[in-house]
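Hi,

Here is the structure I promised to pass on. Have a look through it first, and then read my notes below.

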Amino acid sequence: MIRLLLVCLFLSVSACSSQKPFPGVIFIKNPCDVPLSVSVSKFSGYISSMEGNAEEHFTLVVGQQKAFAQFQRSSKDQDLEWLFSEGYGGGFNLTTGDGNHQKKYSGANIYSLLKTVSDKDEDFIYLEISSHGICP
C-alpha cells in the first residue's frame, strides 16, 4: 500500500513539473520615416534576449521588423502586464533614436507600447512594438 502511495505521489509531482510552456516573442517594427537605432538592456529573468545577450543594439531600416526578446507564459490566458512590473524586474529598458534624438522606455511604459499580433489563445504569442511614438 505504501509503495502504491509513493508511486502515485511521484507521478503527480512529475506531472506538475512537466507543464506545457506557452512561449512568446517580442518584435519591434520601425514605423518611422528614418532608420531607427534600438538599444535594449536590463533583460529580466522573465524576459530574455533572443540571442542570450545582456544587451542588444541594432538598427532597423524603415518598415523593418526584428524579434529581440522572448518569454514564457504558464497558461494561454495569463496576463502579460506582470512581466513589466517593478516586482518582477520591470521588464527591460528600451531606447530608440536616430543619432540626434533619443526616447527611453522601461517597464510599464514598454507594456503600453505593445500590441498583440497573434491570437492570445494560441500556444505561441507574438507581441509587437510599432507605434509612431517610438520615432525620434
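A residue is called buried here when its relative accessible area is under 20%. By that cut-off, Cys32 and Cys135 are both buried. Please keep in mind that this is a predicted model.

A disulfide joins Cys32 to Cys135, with an S to S distance of 2.1 Å, and a search of the whole structure finds one disulfide. Cys32 sits in the loop between strand 1 and strand 2, while Cys135 belongs to the segment after strand 9, so the bond ties together parts that are 103 residues apart in sequence. The torsion about the S-S bond is about -105°, which means that the disulfide is left-handed.

In soluble globular proteins, nonpolar side chains tend to be buried together. The largest nonpolar core in this model has 27 residues, and the members that touch the most others are Ile26, Ile28, Ile47, Phe68, Phe92, Leu94 and Ile129. At least two residues of this core come from each of strand 1 (22–29), strand 2, strand 4 (55–60), strand 5 (65–73), helix 2 (107–113) and strand 9.

With a relative accessibility of 22%, Ala67 counts as partly exposed. Its contacts, again not counting residues up to four places away in sequence, are Val25, Ile26, Phe27 and Met50. Between the C-alpha atoms of Ala67 and Glu51, which are 16 residues apart along the chain, the separation is 9.9 Å.

On the surface, Val117, Phe124 and Tyr126 form a nonpolar patch with about 230 Å² of accessible area together. Tyr126 is part of strand 9 (residues 125–129), and its relative accessible area of 32% makes this tyrosine partly exposed.

One backbone detail to finish with. Most residues other than glycine have a negative phi.

Happy viewing, and best wishes

Note on methods. Residues numbered from 1 in each chain as written. Predicted model: local features only at pLDDT ≥ 70, side-chain atom pairs only at ≥ 80, totals over all residues. Heavy atoms only, no water. Patch = residues over 30% accessible without salt bridge, like charges linked within 9 Å, V, L, I, M, F, W, Y side chains within 5 Å. Areas by Shrake-Rupley, 256 points an atom, 1.4 Å probe, with all protein chains shown as cover. Salt bridge = Lys/Arg side-chain N within 4 Å of Asp/Glu carboxyl O. Helix = DSSP H or I, 4+ residues; strand = E, 2+ residues; numbered from the N terminus. Buried < 20%, exposed > 50% of the residue type's maximum accessible area, 1.4 Å probe, protein only. Core = buried A, V, L, I, M, F, W, Y, C linked by side-chain atoms within 4.5 Å. Disulfide = S-S within 2.5 Å. Contact = heavy atoms within 4.5 Å.
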